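Biologist: I would like a close look at one part of this model, the sheet, and then how that part relates to the rest. Please take the strand pairing first.

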Amino acid sequence: MSAEPAPAPTPTRAAAPAAASSGPAVRVRGLTKSYGDLAVLRGVDLDVARGSVLALLGSNGAGKTTLVKILSTLLRADSGTASVNGFDVATQARDVRASLSLTGQFAAVDGLLTGRENLELVARLRHLPRPGAIADELLARFSLTEAGGRRAATFSGGMQRRLDLAMSLVGHPAVVVLDEPTTGLDPEARLGVWAAVAELAAGGTSVLLTTQHLEEAERLADRIAILHGGRILVDGTLAELTALLPPARVEYVEKRPSLEDVFLALTASGRGVPAEPSTATSAASTTSTTTRTTEREGDL
Ligand SMILES: Nc1ncnc2c1ncn2[C@@H]1O[C@H](COP(=O)(O)OP(=O)(O)O)[C@@H](O)[C@H]1O
Ligand SMILES: [Mg+2]
């Protein structure tokens, strides 16, 4: 990373280069990439608007990581163009790398260092002033202040992923790319990472998030793009995407808690197995049947 010290309104303000243009945070046009005979990207077009969260949704093997690697200059595209923060990934790789931070599927924290030392290390590598202050601010932001003095190896998977996210924010990169940030995490840890990503978005960072979890895209993204067969099949807001299918019949059913609801309720700190429900409550909750159906107007 080439980051020069910059005048800093906040402790973590760093040296991301000015944008080359006022266009989108990420712009991809006609991008192709093959591995031998395997054509993985076959003409991908994608924009991430500044200050927005775009979820790139795709099943395993769809090419999400390939695209992410091209954007972070770790891999060259065969054809097409891509820019990050206005800089071309092929010809301005240095500026692209200074504008973008990539958090992969596997946390890149050093287990032998404490949480705080991990953050300080990144700040030092980026030649930022006051690494200790930067570390403290980020620990607080990601609810890791108490754990900050412990070796990262003792952190839970969710805490490690949150620390990894915090490390990716050192220096205020203009664009944060998160490649499947919650894959492999338990539901509670996933919620913690979601909160951290929402926090990022609220701070105005442009985020490109890849995921296989539909709910993750629904919860976090301003726009959702679906990568399939080497191309972006659709790209729009959740409302635009759901409007693509005609919901002719809306069924009202009694909602049963999902397994995730049950798991989270039982494992939340300080809570055990809920007390036996009263007879009236349990009678009311024994059925889960369709009680009413209706036609929705205006087929699409
Ligand atoms: N270095 C590589 N060499 C050959 N094939 C690869 C390489 N990297 C990825 N692939 C293949 O390209 C396809 C897309 O992979 P990837 O971009 O990792 O998908 P995703 O991240 O969406 O799961 C997969 O079929 C994968 O096996
Ligand atoms: Mg991947």
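In β2, which residue is the bridge partner of valine 28?

Modeller: The bridge partner of valine 28 in β2 is leucine 46. Before going further, note that this is a predicted model, in which local features need pLDDT of at least 70 and side-chain atom pairs count only at pLDDT 80 or more, while totals for chains, interfaces and linings use all residues. Residues are numbered from 1 along each chain as its sequence is written, and chains are lettered from A and ligands numbered from 1 in the order in which they are written.

Strands pair here if DSSP finds at least two bridges between them. Another bridge in this pairing joins serine 34 to alanine 39 in β2. The hairpin made by β1 and β2 has 2 residues between the strands, and glycine 36 there has a positive phi near 60 degrees.

β1 also pairs with β4 (residues 79-84), again antiparallel, through 5 bridges. On that side, arginine 29 has threonine 81 of β4 as its bridge partner. Put together, the open sheet has 4 strands in the order β2-β1-β4-β5, with antiparallel pairing. β2 and β5 (87-88) are at the edges; each has a single partner strand, so one side of each lacks a neighbour in the sheet.

β2, which spans 38-48, also takes part in the shell around ligand 1, where β2 and α1 (64-71) each supply at least two residues. The biggest share comes from α1, with 3 residues. Surrounding ligand 1 are Tyr35, Leu38, Val40, Gly58, Asn60, Gly61, Ala62, Gly63, Lys64, Thr65 and Thr66, a residue being near the ligand if its C-beta atom, placed from the backbone, lies within 6 Å of it. By class the shell has 4 nonpolar, 6 polar and 1 charged residues. Here Ala, Val, Leu, Ile, Met, Phe, Trp, Tyr, Cys and Pro count as nonpolar, Asp, Glu, Lys and Arg as charged, and the others, Gly among them, as polar.

As for the setting of the sheet, the protein has 10 helices and 12 strands, which are DSSP runs numbered from the N terminus (helices H or I, at least four residues; strands E, at least two). Among the contacts in the protein with a separation of 6 or more, 71% are between residues 24 or more positions apart; a contact requires C-beta atoms, placed from the backbone, within 7 Å. Leucine 209 gives an example: apart from neighbours within four places in sequence, this residue contacts Val53, Ala55, Leu56, Leu178, Pro181, Val197, Leu220 and Ala221.

Last, confidence. The mean pLDDT (the predictor's confidence in each residue, from 0 to 100) is 82 for the protein, and 80% of the residues score at least 70. Residues 1-14 have pLDDT below 50, and in the model this stretch has 37 contacts beyond near neighbours in sequence. Residues 276-300 are also below 50, with 23 contacts beyond near neighbours in sequence. Where pLDDT is low, the predicted coordinates should not be read in detail.

Methods: Two residues are in contact if their C-beta atoms, placed from the backbone, lie within 7 Å.
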